[in-house]
Amino acid sequence: MVAFAILIFLFLGSVEGFSTKSQPCTYDKSKMCKPALATAIFSTVSFLLGAVTSVVSGFLGMKIATYANARTTLEARKGVGKAFITAFRSGAVMGFLLAANGLLVLYIAINLFKLYYGDDWGGLFEAITGYGLGGSSMALFGRVGGGIYTKAADVGADLVGKVERNIPEDDPRNPAVIADNVGDNVGDIAGMGSDLFGSYAESSCAALVVASISSFGINHELTPMLYPLIISSVGIIVCLITTLFATDFFEIKAVKEIEPSLKRQLIISTVLMTIGIGIVSWVALPSSFTIFNFGDQKAVKNWQLFLCVAVGLWAGLIIGFVTEYYTSNAYSPVQDVADSCRTGAATNVIFGLALGYKSCIIPIFAIAISIFVSFSFAAMYGIAVAALGMLSTIATGLAIDAYGPISDNAGGIAEMAGMSHRIRERTDALDAAGNTTAAIGKGFAIGSAALVSLALFGAFVSRAAISTVDVLTPKVFIGLLVGAMLPYWFSAMTMKSVGSAALKMVEEVRRQFNTIPGLMEGTAKPDYATCVKISTDASIKEMIPPGALVMLTPLIVGIFFGVETLSGVLAGSLVSGVQIAISASNTGGAWDNAKKYIEAGASEHARTLGPKGSEPHKAAVIGDTIGDPLKDTSGPSLNILIKLMAVESLVFAPFFATHGGLLFKI
């Protein structure tokens with residue numbers, strides 16, 4: 001953080017050679033604006049604010065989750081309904097904390113910066129973009145580091161425990177079991193939280209940057225200017241009402257009510273939010289206004305902006321449900337994958353990969369339609385508020401997402417504490433529902449990342465004063481090609497990291513089983529600390545190369561090849577990154593739930609595939625282990641790659657526009 005903050009200051013300060021004199025405004029040369037040095041200082045401050053908020057949110061989320069998991073296990077003695085409420089409420093704490101923190105810090109920052117900037121709103125909101133960059137750069141480490149941490153432990157524990165030694169999952173004799181349970185919190189709670197926080201901060205920043213050079217900013221109308229923040233605050237109120245439906249209005253009595261109840265959350269919050277956005281758009285916005293559109297001002301009416309937000313909101317719901325259809329074992333795609341385990345692991349892998357590729361189709365169309373609708377109504381501002389619409393129910397989305405790892409850990413605690421199998425069955429039922437909701441959460445994160453990075457891309461193109469990005473110029477085309485390759489390079493790094501860390505873990509677990517006498521009989525305790533140390537060291541060491549790849553690419557391209565090539569790189573990485581992210585996370589989710597489907601043996605078909613330990617079940621475990629790094633490391637980290645490169649380009653745009661493209665100047 002410190003190193004990158006210094007970089008931001010040096011690059012942005014050098015735009016005008018660190019002069020403290022006022023200079024002509026970027027968009028209106030007749031007026032005088034604050035110097036570039038001010039932008040440098042304030043961008044650095046907002047970057048640090050964003051990073052700190054992100055870290056604090058992740059830390060508090062993990063704190064709450066570790067309090068909640070043991071409580072959920074204890075509540076499970078009274079029945080599945082009580083356990084569900086405990087797990088769900090603690091997830092909701094995390095969701096509200098994140099949404100509220102993000103909003104509060106951003107609002108305070110805007111008001112404090114206004115004391116210095118006064119009427120220069122263009123400069124003010126340009127400096128605020130650092131907030132999104134800070135949020136996302138911490139999310140990169142939370143996601144990549146957390147993903148490597150959790151999956152090294154998970155793969156190591158599964159390969160030796162389940163496949164070689166035939167002991168159940170979360171068995172306390174397995175040395176890697178503590179690292180595995182800690183990892184769930186690191187990756188799924190801290191990582192997911194900071195990821196969605198990053199999206200949220202960036203889409204707010206992208207909307208504010210575009211608004212500051214539209215009629216809102218030029219005429220200094222504060223209420224419509226803060227429209228993006230008002231949407232988010234309405235979202236918090238809507239989510240408060242929505243959570244009551246899960247915990248207070250309807251009691252959960254049976255296992256089969258868990259998943260419908262979580263899905264109801266999404267639908268209720270989306271419907272209520274649509275009404276909320278309608279009211280806000282009517283009250284906060286003037287009936288017609290203009291939006292900056294690549295050099296021109298485009299006339300927009302308030303109902304058109306309402307439609308932009310609503311289309312993003314509903315696209316998010318569609319992506320969520322499509323993800324669920326492809327990853328939940330209640331539907332045919334996962335059952336087909338489970339069925340293919342009859343003939344061994346190879347067919348399971350083939351079917352799983354095909355499912356992941358196929359699951360891209362509808363989400364991509366949903367994203368495409370929402371981009372087309374929102375862009376034709378309100379240009380780039382439309383896309384930014386569509387992304388905000390998708391993220392407006394973030395508190396509910398995070399609640400059902402954090403619920404997953406909490407109930408997963410509760411099951412682990414029940415197993416390790418040697419509680420009765422009845423309790424383990426209840427926590428497993430909670431966990432199976434949590435797996436699907438986690439997949440829905442990842443779908444949301446990827447969909448919103450696509451919209452956010454497109455909005456940031458638009459803000460970047462406006463700021464760097466490029467009127468059109470022409471694919472046929474060689475400068476841009478080579479950028480497209482290289483950009484499309486980056487997600488593959490990034491995935492290769494993260495997966496290899498998981499693989500090598502898992503290798504170390506497997507060797508350590510095998511060593512302990514072979515050398516500690518009485519470990520298998522349960523008379524001696526394994527050395528958990530060594531396994532935790534392997535995971536921690538691997539995650540901290542291995543996240544540096546992929547992190548550097550994402551953080552340095554825009555800088556290198558912008559400085560040496562200039563803004564046009566950079567716009568190509570951003571477009572290319574967006575287009576290919578979204579596809580890989582969706583397919584990777586759905587393939588992994590499907591393999592995981594195919595394994596759970598065989599283990600649960602709930603239907604006739606599942607029982608023919610055998611109990612735990614049968615050949616089809618072993619094939620399913622192999623599929624699940626391959627899917628682990630896909631769904632929890634490389635898939636979810638890619639949406640940060642897409643967003644982070646875009647927001648970083650936007651923050652450094654003033655520097656690239658004046659000093660970039662060294663190679664083409666020679």
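**Burial, ring pairs and surface**

Modeller: Phe42 is buried, at a relative accessible area of 17%, where buried means under 20%, exposed over 50% and partly exposed in between (1.4 Å probe, protein chains only). This is a predicted model, in which local features need pLDDT of at least 70, side-chain atom pairs count only at pLDDT 80 or more, and totals for chains, interfaces and linings use all residues. Residues are numbered from 1 along each chain as its sequence is written, and side-chain values use heavy atoms, with hydrogens and water left out.

Colleague: How many aromatic pairs are there?

Modeller: Rings of Phe, Tyr and Trp (its six-membered ring) pair if their centres lie within 6.5 Å; planes under 30 degrees apart count as stacked, over 60 as edge-to-face and the rest as tilted. By this rule, the number of aromatic pairs is 19.

Colleague: What is the angle between the planes of Phe42 and Tyr116?

Modeller: The two rings lie 5.2 Å centre to centre and form a tilted pair. The pair joins distant parts of the chain, 74 residues apart, with Phe42 in helix α2 and Tyr116 in helix α3 (residues 80-117); helices (H or I, at least four residues) and strands (E, at least two) are DSSP runs numbered from the N terminus. The angle between the planes is 35°.

Colleague: Is Tyr116 buried, partly exposed or exposed?

Modeller: The relative accessibility of Tyr116 is 36%. Tyr116 therefore counts as partly exposed.

Colleague: Why is the pair of Tyr325 and Tyr331 tilted?

Modeller: The ring centres of Tyr325 and Tyr331 are 5.4 Å apart. Tyr325 is partly exposed at 35% relative accessibility, and Tyr331 is partly exposed at 27%. The pair is tilted because the planes stand at 50°.

Colleague: Which residues does Lys665 contact, leaving aside its neighbours within four places in sequence?

Modeller: Lys665 is found in helix α21 (residues 662-665) and is exposed, at 54% relative accessibility. Its C-alpha atom is separated by 9.6 Å from that of Gly562, 103 residues apart along the chain. With contact meaning heavy atoms within 4.5 Å, the residues are Thr658, His659 and Gly660.

Colleague: How many disulfides does the count come to?

Modeller: A disulfide is a pair of cysteine sulfur atoms within 2.5 Å. Cys205 is buried at 1% relative accessible area, and Cys531 is buried at 0%. The count of disulfides comes to zero.
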